[in-house]
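Work through the exercises below with the model open. Try each task before you read its solution.

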Amino acid sequence: MAHQRVALWAAEPDLDDDINDTDVDIPIPMPSSTNEMYDDPNLQLDEGSLQAMQQHIAQQAAFAQIPDVVKRFIVHFHQAVLDNNLQEVTLAYESGWTRLTEKYYAKTEWPEAETIAPLVNDDQIFLILYRELYYRHVYSRLQPNVDDRFHSYENSCELFNYLLNSDGPVPLSLPANWLWDIIDEFIYQFQSFALFRSRPASKTDDELTMLGSEGGAQAWSSYSVLNVLYSLIQKSRANEWLKARAEGKTDEEIEEIVGEYGTKPLYRMLGYFSIIGLLRVHVLLGDFTLALKVMENVGLGQKAPFTAPTAVHVSTAYHAGVCYFMLRRIPDAARVFTGVLTWVMRARQYHTRSYQYDQINKTADRMYALLALCHVLAPTRLDDNVMNIVRERYGDQIGRMGRGEEGLSTFEELFLYACPKFICANSPPYDDPTALASMLIPPTPTSPSSQNPSVVLGDPTQRHLRAASSHFMSLAPVSSLKSLLKLYTSLDAKKLTGFLDTSGAGVDEEEVLSWMMVMKNAGRCVGRVNTGSAAANGEKDNDEGSRPSESLLSGEWMSISDLNFVIDQNMVHIAESTVGRRYAGWFIRNSEHAARVLDSVKASPLPPRIVPTQVQKKSADGPKGEGAPRTTGQKVAWGGVKVA
C-alpha cells in the first residue's frame, strides 16, 4: 500500500485513474437525537438547534460536491502525515495539491476543513495543516475578505501554539519547502493585513466594527508576529546551532548545546527559516540596521547548513540588498544582488518546474530593477552577464535617470516597483472614532502632503520613497559635472563655472564648489571591502559554510569612483583611474557564443539546390552515367561528397 502511494502523484497526468484504492463513502454522522426529534409531533425547535441542523445539511451538500479524486487525495495525504512518511508528504504537497488546484479549484476555494473532517477522522492537527493550505490558496488565487484574514490568524496561532507549547517536540515530519512556505506565508498575511487596515477610508461599517474590537486590535499585531519568530528561534536554539557549526564543534557537542528541540529537523529548519523571516519583517517595518543584525550568524553567500529551497536564498539576498540600498551602501547592495542573480541563472534549469518558479522570477526581476538604480546612484563594475540583462530590460530608464532631475519620475517608478511594500507597526485608531475621523480629513493646502492628494498620510512606502528620491536629487549635478571633468586633466574654476552655466541662470563659483563637494562625497561610501566582496559575488567564505569573521553591518570607507580631483586655489586638477579589461572573461564569452553559432549553423538544413531549366534538359538528353550524382566517395561536412 505504501509503495502505491509513493507513485501516486509522481508520473501520471490524470489523478482520477491513479487514486482508486480507497473507499471514500464516509457518511457524516447525524446527531443521535435526530430521529427521536422527528417522532415528536409537538416538537418546537429553538433557533440554535435549527441553525445547527441547517449547517449540518449544508455540510452534507458540500461534502457530496467534492470530487472523488479529491476525497481520495485528502485520505492519502492524511495517512502520509500520520505515518510521518516524508517522501509521500513531499509528493502530495508539491505535486498532488498543485495539480488538483489547477484542475478543480483554480478560481474557487478548496472545501472547508469542517467539510472534509469526516475523511480524516476529525484529526485536529491535520485540519490545522489543511487550513494553512486552504487560506494560502485564498490569498494567492482569490480575494480574502475580513473573515478570512481573522480566521487565518487564528489558525496560525493554533499551529504555532501546537509547535511551541506541546509537552516536548511534536511527532511531525514536514518537508523543508512546506516549512519555509509556512513562515513565508505567515509573514505575507501579516503584511497583507497591515496594508488592509492602513486604509480606513475604504472600510465598511462591519469591517470598522471588527477592526475596532479587542480581537481586531490584537490580530496580526507586530508584537505577536515578532513573538512567534523569536520563540521559534529560541525554542530551536538556531543561533547557538549556527555558532557551534561555525566553531567546528562535533555533532555530540552540538546536540548537547541545542537540546532536544534543536536536534529535531522540524524545529531546526523552522528556527533557521524564522531568522530569514525576521530579516523580512524588520525590512517591512523599516528597521534596516536591526534586519542585518539578526543575520549575523547566517551570513550572505554561504553554503546553507541543509538543503534549503531556492526561494530561501532569493528572499535572503533580496531583503539584505534592500537593507544595504536604504542604508546607502550601494556597492554592497549591488554585490549581493549580482551574486544571487548569477546563481539563479546557473540553477534556472533545476527549478523551472518548481511551484515557486513564478515567485522566484518576480523577485529576480525586482532585483534587476534595483541593480539599475544602484548603477545610476553609484556606477561600479559588476558581472557582465548580469549587467547585460539589466541594460536589456532597463536601458531606457537608466538613460533617462542619467539626465538628472528629468529622470526623477523614472527613478520613483522603478523604486516603487522594486522595493517591498513597507508597512506601519501601529494600527489606525479604530477604537477611537474621533481620532479616526480626524485622520480621514483631507490635507489642507498648507500641509506638506498637499502636493499629492493621493498620498496617504503616514504611508511608510511614500516616506521611504521621499528619502530615496532626496538622495537621487542630491546627486543630480554629479553626472554632467563628471562627464565634463573627464575631458581635462586641469581646469580653471572660472572656466568650469562658465561651462556649467549653460542656461544663463547665473551659477557662481561657490555653487559649483558645492556641487564638487557633493561629487566628492558621492564617490566614497562604507562597504565590506574584504569579507563582502567574495561572498556577494557568489563565492563561499569557506568550504564548511561558516559565518563571516565580521558582521554584515561592519565596513570601511572606500572609494567607488574612478574620477578624483584636487582643488588648488583656482585650479582643479583631475586624475582618472581606469580598470583593466577582463580579457579572460571576454574571450570565454565570445568563444562560447561562436561555438553556439557554429552548432546552430551545422544543425540547420542546407537550402535546396536550384538547377537551371536548360541544364536539366541537357542532363535528361545526355548519357545517364554523366549526370547522375555521386553516391560514393569520402563524406565531408553537411553531407557533401569530397571528389577524389
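**Exercise 1. How many bridges join β2 to strand β3, and which way do the two run?**

Step 1. Locate the strands: β2 spans residues 524–527, and β3 spans residues 556–559. Strands here are DSSP runs of E, at least two residues long, and helices are runs of H or I, at least four residues long, both numbered from the N terminus.
Step 2. Count the bridges. There are 4, and the strands run antiparallel. Two strands pair if DSSP finds at least two bridges between them.
Step 3. Find a facing pair: Cys-525 stands opposite Met-558 in β3.
Step 4. Buried means under 20% relative accessible area, exposed means over 50%, and partly exposed lies in between (1.4 Å probe, protein chains only).

The model is predicted: local features need pLDDT of at least 70, side-chain atom pairs count only at pLDDT 80 or more, and totals for chains, interfaces and linings use all residues. Residues are numbered from 1 along each chain as its sequence is written, and side-chain values use heavy atoms, with hydrogens and water left out.

**Exercise 2. In what order do the 3 strands of the open sheet lie?**

Step 1. The order is β1-β5-β4, with antiparallel pairing.
Step 2. Name the edges: β1 (490–492) and β4 (563–568) each pair on one side only.
Step 3. From one strand to the next, the twist averages 25°.
Step 4. Check one pairing. β4 and β5 (residues 571–576) share 6 bridges. Ile-567 stands opposite Val-572 in β5.
Step 5. α26 (residues 509–522) lies across β4 and β5, at about 140° to β4. Axes are lines fitted to C-alpha atoms, for helices over the stretch in contact (heavy atoms within 4.5 Å). Angles run from 0 to 180 degrees between N-to-C directions.

**Exercise 3. How many aromatic pairs does the rule give?**

Step 1. Apply the rule: rings of Phe, Tyr and Trp (its six-membered ring) pair if their centres lie within 6.5 Å. Planes under 30 degrees apart count as stacked, over 60 as edge-to-face and the rest as tilted.
Step 2. The count is 22.
Step 3. Classify Tyr-139 and Tyr-188. Their ring centres are 6.2 Å apart and their planes at 75°, so the pair is edge-to-face.
Step 4. Tyr-139 lies in α7 (residues 124–141) and Tyr-188 in α9 (residues 176–197), so the pair ties together parts 49 residues apart in sequence.
Step 5. Check burial. Tyr-139 is buried at 6%; Tyr-188 is partly exposed at 33%.
Step 6. Now take Tyr-153 and Trp-220. With centres 5.2 Å apart and planes at 55°, this pair is tilted. Both residues are buried.

**Exercise 4. Which residue forms a salt bridge with Arg-141?**

Step 1. The partner is Glu-102, with the closest N and O atoms 2.5 Å apart.
Step 2. Arg-141 lies in α7 and Glu-102 in α5 (residues 86–104), so the pair ties together parts 39 residues apart in sequence.
Step 3. Arg-141 is partly exposed at 36%, and Glu-102 is partly exposed at 48%.
Step 4. Contrast Arg-329 and Asp-332. They meet at 2.9 Å, N to O, and both are buried.

Notes: Salt bridge = Lys/Arg side-chain N within 4 Å of Asp/Glu carboxyl O.
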